Amino acid sequence: MTYRMIARRDVLKLAASGSLALLSGVGQRVWASNPSKDYPFSLGVASGDPWPDGFVLWTRLAPAPLEPHGGMKMAVVAVDWEIAEDDRFTRVVRSGVAAARPELGHSVHVEAKGLKPGWRYWYRFRANGESSPVGTARTATPVGVGIDRLRIGVAGCQHYEEGWYTAYRHLGEVPDLDAIFHYGDYIYEGRARDCAKVPNCVRSHAGDEIYSLDDYRRRYAQYKLDPDLQFAHAAAPFLVSYDDHEVDNNWYSECDQDGSPAEIFLLRRAAAMQAWYEHMPVRQAQYPTNGGLKMYRRFDYGDLLRVQVLDTRQYRHGGLIQTGRPPKGCRLDSSGPVTMLGTQQEAWLAAGLSSSVRWNLLAQQVMVMPFTYPQSRDAGRTNVDSWSGYAQARERLVAQIAARDLKNVVIATGDVHQHHAGVVPVREGELDGPAAATEFVCTSISSGGNGVELSKAWQDVPADNPHCQLYDARRGYQVFDIGRDSWRTNVWTMDKVSEQGGRATLTTSFVVEHDRVALHRDS
């Protein structure tokens, strides 16, 4: 390979001049003509975290994605990038050189600045004489500026082995997307399955369960090789969070599900979080330090919407212990203060809840509203891995909303591989009483296989949950159409993910009126 290497003195010069992003990040999925066997952009491109003056651009050089180091030599590589006002790049408005560093898996994070607010742009990279696919992204609108509409997609839970990513193709084709919120479970950590013997298995992971940084990098590379996932990333900026499988199933704080000593699990968590940063279009503010990273952050779209992306994993403490599963390690201790977000994040969220915008969106991972599961559920009728396992923390969240007299809070959730739509009661135990917020739970992209709308085991669940109006365990995604006076959530389901080419159907729609906490099924 003949990548253009950067000498250390040149790196320092470029950094000093501000033209090099050392730690930095529809398009049609256009590949360079006749890409060589050393084509470096096999994992595609992405954008994310839009601000009024720019967004993050991402790629990772990996000519041999599943080989050690992605097939790259251990040297810093110069990567050219450019942003244009048209998809033919006849009006290039920003360009520069970024460093793809081996310490960060040769990933690139460019924090583009100086762009027009509320404007669509196209971007691409070049390295080793090759051009990347082309992506598109729209900047946000400055705080307080009046805008009439936004469109945000919602997706997540994309177990590679359990289904094809056709839903991402359909989501990426939705016109005029401002952003896509990914609620987590971007990868799954388990070892390869034998698809000839295991139900709901269409393609196998590479390798054993993942623990090291190299393991996590390889797993991300395998997922990102999927062309439909690449298509969605190129279509709109992502607002990404993580849930549990980016590290280990049902982890929280310093605890894994296997009872590992905290100091051992934290090594794994640190490797997982570095790999997450390396593969997500996020800003340097999310750079991992001291074994963790600050994932929670805020985005404003004029006077219409404030998005607060939450971290419901890293700071938990004092939750209920799952019945039917003997706790191990630090999971034995459920004493002390009960918190889902931790003191600092909880205060940050409270300060950000605003009456000056038309809508407040809490973009997070696990179900907030109380929910009673079928009698046959082995782990019990309460999902203690959700906010129901931290009811005191939920009460404080509801109190924060009530103290500001907000009637415009919408919550976006994932995790449970089902579509739900409901409300969060003001008072614990009064499911059909006054509501503090509406909540839309988005099903998985592929996790769980094809699924069914409502299985026999769930026949009695609606009666136990009068505050919830939707139960659909098929795969799919959601699209939020946000206006000044109403919020519409369109619920899309796939007819199959067990084969490629699945069809997406608009199953139902819900409307929330501004300043009225209630759901109306529109179709």
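Contact here means heavy atoms within 4.5 Å. Keep that in mind for the views below, which come from a predicted model.

**Figure 1. Helix α3 and what covers it.** What covers the buried residues of α3? Their cover includes β3 (54-60), α4 (227-235) and α5 (262-279). The buried set itself is made up of Tyr216, Arg217, Arg219, Tyr220, Ala221, Gln222, Tyr223 and Lys224. The helix runs over residues 213-224, and at 1.5 Å a residue its 12 residues should span 16 Å. The C-alpha atoms at its ends are 16 Å apart, so the two values agree.

**Figure 2. The whole chain, for orientation.** Before zooming in again, here is the overall layout. The chain has 8 helices and 22 strands. Its radius of gyration is 22 Å, close to the 24 Å from the globule rule for 523 residues, so the chain is as compact as a globular protein of that length. The C-alpha trace spans about 65 × 50 × 45 Å along its principal axes. Buried residues make up 59% of the 523.

Figure 3. You'll find aspartate 415 in the loop between β16 (409-413) and β17 (420-425). Which side chain of opposite charge is nearest to aspartate 415? That is arginine 313, 4.3 Å away. A salt bridge needs the nitrogen and the carboxyl oxygen within 4 Å, and buried aspartate 415 has none. Leaving out residues up to four places away in sequence, aspartate 415 touches a list of residues that includes Cys157, Tyr183, Asp185, Asp243, Asp244, Arg313 and Asp385.

**Figure 4. Salt bridges between separate stretches of chain.** Side chains of opposite charge can pair when their charged atoms come close. The structure holds 35 salt bridges, and two of them are picked out here. In one, aspartate 178 meets arginine 149, at 3.9 Å from N to O. This pair links distant parts of the chain, 29 residues apart: aspartate 178 sits in the loop between α2 (166-172) and β11 (179-182), and arginine 149 in strand β10 (residues 149-155). Aspartate 178 is buried at 6% relative accessible area, whereas arginine 149 is partly exposed at 39%. In the other, arginine 394 pairs with glutamate 428 at 2.9 Å, N to O. Arginine 394 belongs to helix α7 (residues 391-403) and glutamate 428 to the loop between β17 and β18 (435-441), so the bridge ties together parts 34 residues apart in sequence. Is arginine 394 buried or exposed? With 3% relative accessibility, arginine 394 counts as buried, while glutamate 428, at 37%, counts as partly exposed.

Figure 5. The closest N and O atoms of the salt bridge between arginine 474 and aspartate 472 are 2.6 Å apart. Aspartate 472 is buried, with a relative accessible area of 0%, and arginine 474 is partly exposed at 23%.

**Figure 6. Threonine 493 and its neighbours.** Threonine 493 has its place in strand β20 (residues 486-494) and is buried, at 3% relative accessible area. Which side chain makes a polar contact with the side chain of threonine 493? The partner is the side chain of threonine 507, at 2.6 Å.

How values were computed
Residues are numbered from 1 along each chain as its sequence is written. This is a predicted model: local features need pLDDT of at least 70, side-chain atom pairs count only at pLDDT 80 or more; totals for chains, interfaces and linings use all residues. Side-chain values use heavy atoms; hydrogens and water are left out. Helices (H or I, at least four residues) and strands (E, at least two) are DSSP runs, numbered from the N terminus. Buried means under 20% relative accessible area, exposed over 50%, partly exposed in between (1.4 Å probe, protein chains only). Lys and Arg count as positive and Asp and Glu as negative; His and the chain ends are not counted. A polar contact is a pair of N or O atoms within 3.5 Å; within protein, one must be able to donate a hydrogen and the other to accept it, and residues adjacent in sequence count only if both atoms are side-chain atoms. The expected span of a helix is 1.5 Å times one less than its number of residues. The radius of gyration is taken over C-alpha atoms; the globule rule is 2.2 Å times the number of residues to the power 0.38.
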